[in-house]
Structures are given as C-alpha cells and as structure tokens.
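Biologist: I have a chain open here and would like to go through it with you. Can you put it up on the screen?

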Amino acid sequence: MSDATLHSVTQDPDDFAVQIADSIESFIVATTEVAKGDEPDSAVPFLLLEISQLLLAGGRLGAHEDIVPDERYEPDTGPEPDVDELRERFAVMLDPVDVFSEVFDPYEPRKAPVPARISDNLADIVTDLRHGLAHYRAGRTSEALWWWQFSYFSNWGPTASATLRALQSLVAHVRLDQPLAALDGLDTDEDLTEDDLAEEAGRVMLEEIATPLGLRGRPLRK
C-alpha cells in the first residue's frame, strides 16, 4: 500500500486497522516535525500530547485479542530508516532534562531505577512504529497489526509509558512551582541555605527549562 492509498476513500475510516495506522502515522509525522526545532517553545507540551494520543492506540492494541499474521515468517521490509538525526536533535533540544529515572517493571521487586533518555526513547518508539507501517503500506495489514501489538507489549509501549511519565513530571514541576533536585547550571558550591538553593533551583528551572521549552509556572518571588 503506497502513501497515496494509505488514506484512500475506499478504506473504511471505522476499520480498526485504519484507525491504528492513522494514529501511528500521525505520531511519526508530528514527532519528526517537533524534532526539526522550528517551534522549540512548545516542544515539551506537544510531545506530552503526542505520546498521550499514541498510548491510546497502544491501549486499543493491548486490549485487542491476539493478532495472528497471515504468513508464518515475517516478510522483509527492507532497510530500516536511520533515526540517529532524530535522536540527536531531541538530545540537543531537551538538554538538560533529557535524562530521567525509569523502572522497567513495577511488579518486579527490588529493582532500582535506571537512567534513561527521552531522546533515545522517542527514537526507539519511532523505529518500532515505522517497521509496522512499512508492512501496512505494503498491504500486509495483519502483519502490521501483529507487529504493532507485539512491540507494544515488548518495547514501544513500556518505552512510551516511561516517556509520558517523564514529560508529565517535568510539566508538573514547572506548573506547580516545584524545583527539580538537580539542574545543569545550578552552582551548589556557593554558601547558600536550603531555602536559597530551592529558590535558585526554581529560578534556573524557569530560565533554562520552562521558558525555552514552552512551559510556564507561577512567577517566582525575588
């Protein structure tokens, strides 16, 4: 199925496969546009919205009965598109909030959080989704749905969920005027009290994170 027929009027817009494919293609297009950096002031809120919408499609795939592909072995989709540029653009754009803590399995006891990067996660999600989209565009609908469902459980679903939590936490910190514990640019070598450090952290967060990434908190007291 070519790009020209992906949204053909002959397709039923209420069809499950069409709706999932539309949601996934919309996420890929939107995320790629954000990575260009043309509107950095709205990057974080826009990513928060896009990940949320993608996870709705993921939830539908997760709730669906097991999808079985038509063919026993997965057909070759050709070379995978390079996502290094996408990853690098987001790493620059989201610095210094790119790194966050992630717990891979909340039901597995005594697992310590590990560092993760929003930029890496976004690139990994796009890679998984593009792979299924290649099958869909080639007319292999059952293969595409199987891949999207399988990788939702095994990779892009947990990755997107962790990324959403990080983005939501970042927005909440700014909107609720709750300074992050450690930020690039915060000089802790100065002889400051805890209250001074908290106020300075909030100021750094507003100047270096909130304003450049399109977030707004309450005005900080001087």
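**Around Asn-121**

Modeller: Leaving out residues up to four places away in sequence, Asn-121 touches Phe-100, Glu-102, Thr-159 and Thr-163. Keep in mind that this is a predicted model.

Biologist: Which helix does Asn-121 lie in?

Modeller: Asn-121 is part of helix 5.

Biologist: Is Asn-121 buried or exposed?

Modeller: Buried: the relative accessibility of Asn-121 is 8%, and the cut-off for buried is under 20%.

Biologist: What about Asp-124, buried or partly exposed?

Modeller: Asp-124 also lies in helix 5. Its relative accessibility is 31%, so Asp-124 counts as partly exposed.

Biologist: What is Glu-102 in contact with, beyond four places in sequence?

Modeller: Pro-113, Val-114, Ala-116, Asn-121, Pro-158 and Ala-162. The C-alpha atoms of Glu-102 and Thr-163 are 8.9 Å apart, although the two are 61 residues apart in sequence.

Biologist: Zoom out. How many helices and strands are there in the protein chain?

Modeller: Eight helices and two strands. From the N terminus the order is α-α-α-α-β-β-α-α-α-α.

Biologist: And how many of the contacts join residues at least 24 apart?

Modeller: 71%, counting contacts between residues at least 6 apart in sequence. As for burial, 38% of the 222 residues count as buried.

Biologist: Now helix 3. What span should its residues give?

Modeller: Helix 3 runs over residues 43-63, and at 1.5 Å a residue its 21 residues should span 30 Å. The C-alpha atoms at its ends are 30 Å apart, so the two agree.

Biologist: Which residues of helix 3 are buried?

Modeller: Ala-43, Val-44, Leu-47, Glu-50, Ile-51, Leu-54, Leu-55, Ala-57, Gly-58 and Leu-61. Looking down the axis of helix 3, these buried residues fall within an arc of 160 degrees, so they line one face of the helix. Leu-56 and Ala-63 are exposed on the other side of helix 3.

Biologist: What do the buried residues of helix 3 pack against?

Modeller: Helix 2 (16-35), helix 4 (84-94), helix 5 (118-137), helix 6 (141-154) and helix 7 (156-175).

Biologist: Take helix 6. At what angle do the axes of helix 3 and helix 6 cross?

Modeller: Roughly 100 degrees, and the axes come within 9 Å. Helix 3 makes the contact with Leu-55, Gly-58, Gly-59, Leu-61 and Gly-62, while helix 6 uses Leu-145, Trp-148, Gln-149, Tyr-152 and Phe-153.

Biologist: Last topic, confidence. What pLDDT does the protein chain average?

Modeller: The average is 79, and 74% of the residues score at least 70.

Biologist: Where does pLDDT stay under 50?

Modeller: Over residues 182-202, where the model has 22 contacts beyond four places in sequence. Residues 217-222 also stay under 50, with 14 such contacts.

Notes:
Residues numbered from 1 in each chain as written. Predicted model: local features only at pLDDT ≥ 70, side-chain atom pairs only at ≥ 80, totals over all residues. Heavy atoms only, no water. pLDDT = per-residue confidence, 0-100. Contact = heavy atoms within 4.5 Å. Helix = DSSP H or I, 4+ residues; strand = E, 2+ residues; numbered from the N terminus. Expected span 1.5 Å × (residues − 1). Buried < 20%, exposed > 50% of the residue type's maximum accessible area, 1.4 Å probe, protein only. Arc of directions from axis to C-beta. Axes fitted to C-alpha atoms, helices over the stretch in contact; angles between N-to-C directions.
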